Amino acid sequence: MTAQPADARDDLRFPDLADPRTFIDVDLPAMWRELRAQAPVHWNPPADDRPGFWAISRYDDVLALYKDNKRFTSEQGNVLSTLLQGGDSAGGKMLAVTDGLRHRETRKLMLKSFSPRVLEHIGQLVRRRTQQLIADVLGREADFATDVTDHIPINTIGDLMDIPVADRGKLVEWNNRTLSRYDEDDSQLEEWLARNEILLYFGELAKQRRRSPGEDVVSALATGLVDGEPLSEDEIVLNCYSLVLGADESSRMSSLGALIAFTEHPDQWRALKNGEVSIADATEEVLRWTTPAMHFGRRALEDVPVGDEVIAAGDVVTLWNSSANFDEDAFPDPLRFDLGRKPNRHVAFGHGPHFCIGAFLGRAHISALLEALRDQVAEIELRGEPRRLYSNFVYGYLGLPVALTAER
């Protein structure tokens, strides 16, 4: 790896983007606005325990790098936590960190379980379940996280993967700890243990599906072929893990963020209630506004000029969705929560070859929630301070005490 230019190495004007505290203690819209204006290709300096890395903050640059799978690879990791450790043990096995032909063929295999018939049925279940969950908390104080949102995505992906209902709660608990922590006192050991619990769980489930396959995604992975060969046990387990991780975390965080946004922007709550905006448009704005996956990462395979800098072969590059989705050049008045925003080409699900395979489910969850809130809730009141996750990857909340007044 070539040395970084002196002005990039010595640029200490901005907070450390690897430190989870940055995303709790800093005025994030102001930080991203300044980075886009002054250092859109920013070198985040190394610290004692980790190397430095590039941070890309402008929308157009983020899109360009997402599409460039020739000069940048995902196989050495796609989030800071693995990239800065030197690699990802799931590289070349899990869809999100596999490139090229194997990525395309594995993706195709998994998508066989996402047929229109299955997705229509899943969508109906999501709407029915969400309506009931909202009905159950009307007229009383509730924690919207544990009483509502924890139960929606995990049950949807649970239906798609045919995970026994009795097991879904513990998967949510483990999932909470895999890419974020409850607070800075939690250790990385707890993250590692939670991840291993999920992997062990799916190892056992995959064995059962080999013996008795169904029409679910786990069965498709356990019995399917890629390039004429069955997937390895690691590939099966890691892709199950990836599906649960992506489908659960992002949908829950977007749902919680939507509720907070409605209390802060009552005009938009009225617009939703009065039917002035469509559910489809409102869903896209919620996803942009909340952007749960703050970044994804790549490693450069060769020297690549980006803006006024040259990213050297071997360098870690982070693409910041949480900045790109608020770029003034891509979104007029980006700090306005506008449910009728059009166009709204956000990157909440990433972009390019690695565009999130569960994007349909994510949209289905948010749409179902917005419909249930519009139809059943007259007023939303926060009853306490929402507790933020401690993470440099997931932006969201652990708990959200609320009172929902029923629509008469």
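Me: In what sense do strand S7 and strand S10 pair?

Reply: First, some ground rules. This is a predicted model, where local features need pLDDT of at least 70 and side-chain atom pairs count only at pLDDT 80 or more, while totals for chains, interfaces and linings use all residues. Residues are numbered from 1 along each chain as its sequence is written, and side-chain values use heavy atoms, leaving out hydrogens and water. Strands (E, at least two residues) and helices (H or I, at least four) are DSSP runs numbered from the N terminus, and two strands pair if DSSP finds at least two bridges between them. Here S7 (residues 295–300) and S10 (residues 316–320) pair in the antiparallel sense, over 5 bridges. One partner to look up is Leu319 in S10, bridged to Phe296.

Me: What is the order of the strands in the open sheet?

Reply: The 5 strands run S1-S2-S10-S7-S3, with mixed pairing. At the edges sit S1 (41–44) and S3 (72–73), each pairing on one side only. Helix H4 (residues 59–67) packs on this sheet, touching S1, S2 (53–56), S3, S7 and S10. Touching is a matter of contact, meaning heavy atoms within 4.5 Å. The direction of H4 makes about 125 degrees with that of S10; axes are lines fitted to C-alpha atoms, for helices over the stretch in contact, and angles run from 0 to 180 degrees between N-to-C directions.

Me: And in what sense do S2 and S10 pair?

Reply: That pairing is parallel, over 3 bridges. Look for Ile56, which stands opposite Leu319 in S10.

Me: How many residues of S10 are buried?

Reply: Buried means under 20% relative accessible area, exposed means over 50%, and partly exposed is in between (1.4 Å probe, protein chains only). In S10, 5 of 5 residues are buried. Val316, Thr318 and Trp320 point one way, and Val317 and Leu319 the other.

Me: Which residues touch the most other members in the largest nonpolar core?

Reply: The general idea is that in soluble globular proteins, nonpolar side chains tend to be buried together. A nonpolar core is a set of buried Ala, Val, Leu, Ile, Met, Phe, Trp, Tyr and Cys residues joined through side-chain atoms within 4.5 Å. The largest one has 109 residues, and Ile56, Phe144, Met161, Phe202, Phe262 and Leu272 touch the most other members. Helix H13 (residues 233–264) gives the most to this core, with 15 residues. Apart from that core lies another, of 17 residues, including Ala18 and Val316.

Me: How many salt bridges does a search of the whole structure find?

Reply: A salt bridge is a side-chain nitrogen of Lys or Arg within 4 Å of a carboxyl oxygen of Asp or Glu. The search finds 25 of them. Take Glu215 and Arg117, whose side chains meet at 3.5 Å, N to O. Glu215 is in the loop between H11 and H12 (217–223) and Arg117 is in H7 (residues 116–137), so this pair ties together parts 98 residues apart in sequence.

Me: Is Glu215 buried or exposed?

Reply: Glu215 has 64% relative accessibility, so the residue counts as exposed. Arg117 is exposed too, with a relative accessible area of 55%.

Me: How far apart are the closest N and O atoms of Asp281 and Lys342?

Reply: They are 3.3 Å apart, in another salt bridge. Asp281 is buried, with a relative accessible area of 18%, whereas Lys342 is exposed, at 64%.
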